[in-house]
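Here's a quick tour of a model before you load it into your own tools. Have a look at the sequence and the fold first, then come back for the notes.

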Amino acid sequence: MVSSSVLGFPRIGANREVKKAVEAYWAGKLSAEDLLKAAADVKKTSWTSLKERGVDLIPSGEFSLYDHVLDHSAAFNAIPKRYQGLGLSALDVFFAMGRGRQAGGVDVPACEMKKWFDSNYHFVVPELSEETDFKLLYNKALAEYKEAKEAGVVTRPVVLGPVSYLVLGKAAKEASATFQPISLLSKILPVYKQLLSELKAAGVESVQIDEPILVLDKGADLDKQYAFAYAELVPVAPKIMLTTYFNRLDSNINFIAKLPVAGLHIDLVRAPQQLGEVLAAIKSTPIVISLGVVSGRNIWKADFAAAIKHAQTAIAALGADRVIVATSSSLLHTPVTLASEKKLTEQQRDWFSFALEKASEVATIAAVLSGSQDPKVSAALEANKVSIAKRRQFESTSDDAVRKRVAAITPDMYDRKSPFATRKEVQAKHLNLPRFPTTTIGSFPQTKEIRTARAKLGKGEISEAEYDEFIKKEIEMVVKFQEKVGLDLLVHGEPERNDMVQYFGEQLNGFVFTQNAWVQSYGSRYVRPPIIVSDVSRPKPMTVKWSSYAQSVSTKPMKGMLSGPVTILNWSFPRDDVPRKLQSQQLALALRDEVLDLEKAGISAIQVDEPAIREGLPLRRSDWDEYLQWAVDTFKLSTAGVSDATQTHSHFCYSDFGDIFPSIQRLDADVISIEFSKSDMKLLHTFKQYGYSNQIGPGVYDIHSPRVPSEQEIIERLKTTLAIIPDHLMFINPDCGLKTRGWKETEASLANLVAAARWARANA
């Protein structure tokens, strides 16, 4: 018999119950008890739904109110000292680590966030040092296993593995200069042994231990650590399913096959080519293979025929009892259910599969491979065959005008007319900005009133003209505030935008949109990624009207705001039938038209954000060059058509740029703004090391936290920055957009930012 497995499930709830409960708790409108009850209800619904769909191995323990890596740190007592002794509950310490806290006499910043491998999900980075005192404060995996069992569902607990946890961590400020988090392996293993032995004592048969670091190049240097760790854990643990995802194992399979684990999960959606090598390596071992044949990262319906072919190859090599079919990764990265979508056409619905539908897919594939004679299984197999054929037929059509325009791209379209040094002089005269010019990243708070107006427009309760008047008033208010507080390069605030990617997708040909397909980005921040289904083009200007209006109500220069081609691609659900390069080129040409139209409308600074350019980098270094070539080229294609007088900006957040810095330089943006407030200076040292010559705005405060930085705090950060970045290249700005913040904290934070800039002009 072939079993079916799901590696993880969305946390939000079908109706965003968890998001709403968490934010109500933060606002003081919901008790901790009621928050935990809301979470328990969503977990129970998820477990029972997976059981009803016939999934054999159902995950538990991976649910989180904020982030699963943060859960791990909190449970293992990897709590930085600044969060200890504050008189806070364990729950409030947890949230303070994730988002900071500034209330009741407590003022602590949040921990650093980073992207989870090549996804748009952010995890909270563990801060570790020689002084970290690991101990099991609570066994979350055991608690949720028991919780599910009480609901009538037997689950397989999910735990982040010890090697990956440590490697994902960073050295805390108090750590020695030579400290490496992996050196704590022998200290953390006793805690894992306690956790796993408690699971075994409770009757848990198998446990999923996630070790995604194994798909990275650095995994090859950790063979001894893996051998040591799993020799320690296996004797006391339930059967271990060592779980990898997002990429291929390559040569790492050679030492993995020697580990005493019961099973190994591999991702065949992202790396189908690894199957033969993995099967050959484990054939003579007792290791069970879990095949990730249903995507945990995209929303396209699985091709049953292709999935079954992979599984049959494994069965032929190992036997059916040693094969499990599964999602490629956790379904955290997909929406909950297609059943919530009421506005998709019948054709569109037939293309897609969300988390619950994917659970049904793995169960059906397993049933087919097990020889099921159930008519429902046969019908599902035939229906899938028809669906895939229809989709392939749709995909075979293309927009000739778009394809011809891509084919006509020439090398000169990637380059500005003059080098940066020349442009900088022209722009200085044209924009007339002071030293240490201040600006923001683009968005201002999205208030309840803005969301209500947008909802009324969608329901037809107000006219387009009434909505436009409302937006104009919001823009004027934001512009006047920026003038009052003393900012130099203004923005229109983006009140008309629901999301920095969805907004553009709604105005481009080639996209499909959902009503409730929410996916977690970080904490309680969820997005609805648009879906690219066909060739992309721009039928008309998208932002010119609003940026032009903003410029008309101010004499200060206005910055136009766009999302870049790579970011729109990475933060959408992309097509899987054509290369990502082609999709990014099409987006770049559409944005190039928008950039030129903004310039013609008198907008002298234009920001094209690419926060996802590092995120999209392939996980294996051998795959980098091809990606970086087209990713940088498409950004340049979108921006290079403007005159020397127009200042191009771009924004990047929560990324390690050291290993791709030459590509960041090659973007040739006049100004880049970067996340900096939580990165402990290492990012700026990279800029100094490589001699970055264009202008840069290191973010001086963290907008993902509600706390307000003091003027002195920002000044101290500027002092540190000025030791590395020349003053004539410096912009001063927040870390990211202000959309998720409230007006009170925004006003106070920006007032302090401007005051700090004035200090810099007088003293630096």
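Helix α23 is largely enclosed by the rest of the structure, because 13 of its 16 residues are buried. Keep in mind that this is a predicted model. Below are a few more notes, by topic.

**Helix α23**
- This helix covers residues 624-639.
- From first C-alpha to last, α23 reaches 23 Å, close to the 22 Å expected at 1.5 Å a residue.

**The open sheet**
- Five strands line up in the order β19-β20-β21-β22-β23, and their pairing is parallel.
- The edges belong to β19 (559-563) and β23 (695-698); each has a single partner strand, so one side of each is left without a neighbour in the sheet.
- Going from one strand to the next, the twist averages 20°.
- Strand β22 (residues 671-674) runs parallel to β23 and is joined to it by four bridges.
- Ser-673 sits opposite Gly-697 in β23.

**The nonpolar cores**
- The largest nonpolar core has 102 residues, and the ones touching the most other members are Trp-116, Phe-134, Tyr-165, Leu-264, Ile-289 and Leu-291.
- Helix α7 (residues 185-201) supplies the largest share of this core, eight residues.
- Skipping neighbours within four places in sequence, Trp-116 has contacts that include His-68, Val-69, Tyr-121, Phe-123, Pro-212, Tyr-245 and His-333.
- Another core, of 85 residues, lies apart from that one, and among its members are Ile-475, Leu-569, Ile-613 and Val-754.

Note on methods
Residues are numbered from 1 along each chain as its sequence is written. This is a predicted model: local features need pLDDT of at least 70, side-chain atom pairs count only at pLDDT 80 or more; totals for chains, interfaces and linings use all residues. Side-chain values use heavy atoms; hydrogens and water are left out. Helices (H or I, at least four residues) and strands (E, at least two) are DSSP runs, numbered from the N terminus. The expected span of a helix is 1.5 Å times one less than its number of residues. Buried means under 20% relative accessible area, exposed over 50%, partly exposed in between (1.4 Å probe, protein chains only). Two strands pair if DSSP finds at least two bridges between them. Axes are lines fitted to C-alpha atoms, for helices over the stretch in contact, and angles run from 0 to 180 degrees between N-to-C directions. A nonpolar core is a set of buried Ala, Val, Leu, Ile, Met, Phe, Trp, Tyr and Cys residues joined through side-chain atoms within 4.5 Å. Contact means heavy atoms within 4.5 Å.
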